[in-house]
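Please read this briefing alongside the sequence and the three-dimensional view, which are shown next.

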Amino acid sequence: MRTAPTILHLDMDAFFASVEQASKPSLRGKAVIVGGLGPRGVVATCSYEARVFGVHSAMPMAQARRLAPNAAYLVPRFGLYRSISDQVMRLLRALSPLVEPLSLDEAFVDLEAGGAAWDEESALLAGVRLRTDIRAVTGLTGSVGLAASKMLAKIASEQAKPDGLVLIEPGTERALLGPMPVRTLPGVGPATGDHLRRAGITTVEEIAEAGEDELVRLLGKAHGHALYAMALARDDRPVVAERETKSVSVEDTYDVDIHDRIRVALEVQRLADRCVRRLRGAGLSGRTIVLKVRRYDFSTLTRSETLRGPTDDQAVVREAAARLLDSVDTTGGVRLLGVGVSGLADYTQEDLFAQAVGERPEGPAEEEAPESADGATRPVERRWPAGHDVLHTEHGHGWVQGSGLGRVTVRFETPDSVPGRVRTFRTDDPALEPADPLPLVARRPDEAADAEGQDRSSA
Ligand code: DCP
Ligand code: MG
């Protein structure tokens with residue numbers, strides 16, 4: 001493990017909700033809940049003001065409405081969130097070529113690889129500067145964790161939330177982790193947490209005390225092994241750019257073509273072993289075994305086999321690779337051999353599945369129409385999803401605050417205006433049309449300064 005806290009983890013604060021607050025001045029400092037607003041909708045996220053009422057991600061929307069009846073309820077605008085995410089990721093890529101995005105609002109950065117930091121002081125400086133830049137470019141806050149490993153960097157950013165920075169000094173990791181609940185470790189979700197609790201293990205220290213054999217017995221090889229290492233704060237997982245390319249592979253090119261079939265088979269075994277070492281080193285397991293063969297005439301073919309579940313077992317990968325080789329004609333000789341594993345899972349997967357099934361809102365969210373719950377049939381209306389932007393020929397830019405019963409309520413304000421006024425229209429009003437979101441931060445700094453000045457004088 002490295003000795004300086006040069007792995008950075010960034011996680012934007014209440015991301016979707018913060019974007020909505022930045023774009024709608026009247027919602028700043030207020031409880032804002034973003035998610036599916038239909039009967040089976042769930043909360044995607046909510047502002048910290050709404051969290052006070054106990055609302056959180058993945059909660060059924062109906063429950064959120066009971067807890068926070070006066071909050072603003074909005075449907076997600078994924079296109080806008082993605083564009084802000086792109087701005088953030090660009091800032092990260094300016095720090096290092098090794099940026100590993102985990103979601104729209106979260107990424108690891110290897111500061112050392114980019115030369116942006118090499119010790120504690122420079123890492124801290126880079127983190128502070130990053131937060132300032134994110135604020136300037138997007139108008140939003142993100143929390144930063146700095147540590148010598150991915151696991152600790154992520155724990156640090158969690159501790160830093162909201163709008164903060166935490167650096168974990170190398171050497172203090174185990175003492176810090178020990179008393180924490182097992183759920184703190186990556187990959188321990190509700191299912192694994194329960195499993196461990198039934199075995200009398202509730203803290204990270206207790207995982208370390210239980211020992212590796214016990215962990216493997218409880219959770220299986222890949223997961224048990226990995227979790228035990230994490231509990232000892234051993235985490236050498238590298239920051240991997242382009243996480244989308246989900247495979248680990250090794251290959252060798254031979255100076256002289258290999259003709260001997262037995263020698264080819266031995267090489268494939270050797271490559272399988274190397275591939276498994278890499279896989280384990282990254283704390284991963286995978287379902288699909290891939291064999292690559294380039295023949296004497298440069299014709300290249302790949303064969304793959306998909307297993308029932310992910311593996312990081314050397315014998316399993318060896319066997320699969322050998323079976324794949326059986327189906328390849330190598331007469332004439334081979335120049336290159338490769339073995340890879342794709343369809344990767346890391347330890348987080350098990351619990352992500354346990355949590356995710358049927359819970360996340362998908363695709364465009366449903367329209368809010370609470371006032372039409374009487375079931376009255378109405379002619380087909382134009383859709384005015386809550387929170388989406390509109391343009392009115394006379395009143396200008398605004399957003400839909402609610403709609404139903406043939407009416408749509410619009411608040412007229414923009415990211416750099418003062419909180420705006422509300423007006424109600426008929427849903428088929430020809431003066432009203434859907435609009436694209438406006439940038440959250442005015443493009444030219446001098447423009448932004450002007451706008452701020454106006455805000456103050458007219459407020
Ligand atoms: N998200 C979602 N459904 C979930 C969890 C999250 O749609 N079950 C979306 C909405 C979040 C975004 O992903 O804004 C980022 O997720 P985070 O877990 O980072 O949550 P937030 O950024 O909203 O809040 P925090 O400040 O806790 O990071
Ligand atoms: Mg976040």
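Two strands are said to pair if DSSP finds at least two bridges between them, where strands (E, at least two residues) and helices (H or I, at least four) are DSSP runs numbered from the N terminus. This is a predicted model, in which local features need pLDDT of at least 70 and side-chain atom pairs count only at pLDDT 80 or more, whereas totals for chains, interfaces and linings use all residues. Residues are numbered from 1 along each chain as its sequence is written, while chains are lettered from A and ligands numbered from 1 in the order in which they are written.

**Sheet**
- Strand β1 (residues 7–12) runs antiparallel to strand β6 (residues 106–110) and is joined to β6 by five bridges, with Asp110 of β6 as the bridge partner of Ile7.
- These strands belong to an open sheet of five strands with mixed pairing, in the order β5-β6-β1-β7-β8.
- Because β5 (99–103) and β8 (165–167) stand at the edges with a single partner strand each, one side of each is left without a neighbour in the sheet.

**Glu106**
- Glu106 counts as partly exposed because it has 18 C-beta neighbours inside 10 Å, the class between buried (20 or more other C-beta atoms within 10 Å of its own) and exposed (12 or fewer), with C-beta atoms placed from the backbone.
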